[in-house]
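This briefing concerns how the parts of one model meet. Please consult the sequence and the structure shown here before reading on.

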Amino acid sequence: MKIFTSMATSYGLVGAFILVAVIMWVSYTFAGLLKQKRMGSAIAIMVALVVAFIGGKITGGEKGISDIAVFGGVGLLGGGMMRDYTIVSTAYGVKVENLKKAGLAGTVALLVGIVFSFVVGVVIAWLMGYRDPAELATIGGGVETFVVGPVTGAALGVSSDVIALSIAAGVVKSVVAMILTPLVAEKLKVNNPTGAMIFGGLIGSTSGVAGGLAATDASLVPYGAMVATFYTGLGCLLTPTILSLVTNMIF
Amino acid sequence: MEIFGLGIIGACMFIGSFIGRLLGAALGLGSDVGGVGFAMVLIVVLCAYLEKTGKSLNKKTEGGIQFLSALYIPVVVAMSMNQNVYSAVTEGVIPIVAGVVATVGSLLLIPLLSKLAKDTDKEQNA
């Protein structure tokens with residue numbers, strides 16, 4: 001066992017490829033049995049989220065299964081570097097016309113998405129008994145994405161338990177987007193480049209958009225990702241400033 | 001060679017991310033604003049240029065890029081395994097309610113904004 005552990009730790013990335021391959025093989029086989037081949041990646045993502053839950057429960061850490069040393073390589077394969085590298089590569093083959101067609105709608109979606117998520121967060125936190133404007137703004141920021149919450153909280157000097165709450169809200173949003181999107185994509189017209197760009201602007205969380213579109217139709221990924229990449233930055237810009245100022249004025 | 005494909009994507013990523021980080025620094029955020037987006041736009045422009053001049057990438061170079069694209073879903077699966085799902089579902093009611101309402105609401109806004117996109121599209125063509 002000791003020998004295995006030291007091998008798996010030193011070959012971390014290779015171990016991650018094996019684990020992902022196994023999960024995808026099981027998920028695609030299962031999807032095939034259900035005669036729902038297209039659901040293969042959605043099922044794989046759901047299995048992965050369950051694995052992340054188990055990892056978090058065992059270790060009490062923040063990075064799912066990759067907090068267990070033997071699975072450390074999953075952190076590298078699924079980390080920001082590989083995520084962004086592979087997302088960028090999907091832009092190869094994207095047509096300029098499609099981008100132009102949805103450019104305006106994508107930009108509007110970004111602004112609407114940020115404000116909408118913020119308002120939802122503030123209102124629900126208020127209903128649950130929070131009254132301090134700085135804390136409300138932090139939770140609102142967290143609902144945008146789990147990066148905006150801590151940035152806002154740090155800027156406004158909010159306590160760490162509220163920041164933890166805001167991060168959790170952001171994670172819930174991306175997890176729900178990953179699971180729900182493939183189920184409703186057809187109905188909500190997230191089946192063309194324009195729809196995918198609007199989706200990217202409204203949801204915004206890079207992992208939620210990436211996961212949701214991957215599970216829906218991988219060819220739409222570049223459109224959604226291209227818009228979503230501006231969401232967290234714009235959120236970090238607007239939330240601790242304009243949005244928290246407005247919150248301050250109302251509460 | 002396949003490695004050229006990996007290199008082209010990597011170079012675009014570096015240029016894009018550098019622009020994103022410059023923008024972030026200029027805005028006083030100290031983070032990357034849209035770096036991935038700038039990188040992707042670079043690649044789209046590169047593709048458009050190649051098409052216009054009638055050139056195309058070497059099959060093997062293209063193979064390198066397609067290899068990366070094919071890795072995308074496995075990377076997303078690995079990324080999902082790194083999410084802090086445990087704290088998301090155990091932090092209490094606020095994160096769950098707020099996260100679910102925000103996502104469902106955002107999804108429902110999609111058809112509305114799609115309609116807007118179509119209307120402006122028509123106006124431009126009219």
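A salt bridge is a side-chain nitrogen of Lys or Arg within 4 Å of a carboxyl oxygen of Asp or Glu. By that rule, the count between chain A and chain B is 0 salt bridges. The model is a predicted one, in which local features need pLDDT of at least 70 and side-chain atom pairs count only at pLDDT 80 or more, while totals for chains, interfaces and linings use all residues. Residues are numbered from 1 along each chain as its sequence is written, chains are lettered from A and ligands numbered from 1 in the order in which they are written, and side-chain values use heavy atoms, with hydrogens and water left out.

**Interface of chain A and chain B**

- Chain A contributes 97 residues to the contact and chain B contributes 70 residues, where contact means heavy atoms within 4.5 Å.
- About 7,000 Å² is buried between chain A and chain B, 81% of it on carbon and sulfur atoms; buried area is the accessible area (1.4 Å probe) that two parts lose on being put together, summed over both.
- Of the area that chain A buries against chain B, Tyr85(A), Val88(A) and Tyr92(A) supply 11%, more than any other three residues.
- Between chain A and chain B, 9 residue pairs are in polar contact, both residues being at pLDDT 80 or more. A polar contact is a pair of N or O atoms within 3.5 Å; within protein, one must be able to donate a hydrogen and the other to accept it, and residues adjacent in sequence count only if both atoms are side-chain atoms.
- Helix α9 (residues 160-184) of chain A provides 15 residues, the largest share of the side of chain A that touches chain B. Helices (H or I, at least four residues) are DSSP runs, numbered from the N terminus.

**Domains of chain A**

- Chain A is divided into domain 1 (2-78) and domain 2 (96-250), with bounds that come from an automatic or database domain assignment.
- The centres of domain 1 of chain A and domain 2 of chain A, taken over C-alpha atoms, are separated by 26 Å.
- Domain 1 of chain A supplies 7 residues to the contact, and domain 2 of chain A supplies 9 residues.
- Between them, domain 1 of chain A and domain 2 of chain A bury about 640 Å², 72% of it on carbon and sulfur atoms.
- Arg38(A), Ile45(A) and Leu49(A) lose the most area in domain 1 of chain A to domain 2 of chain A, together 58% of what that side buries.
- Across this interface of domain 1 of chain A and domain 2 of chain A, the rule finds 0 salt bridges.

Terms used:
Helices (H or I, at least four residues) and strands (E, at least two) are DSSP runs, numbered from the N terminus.
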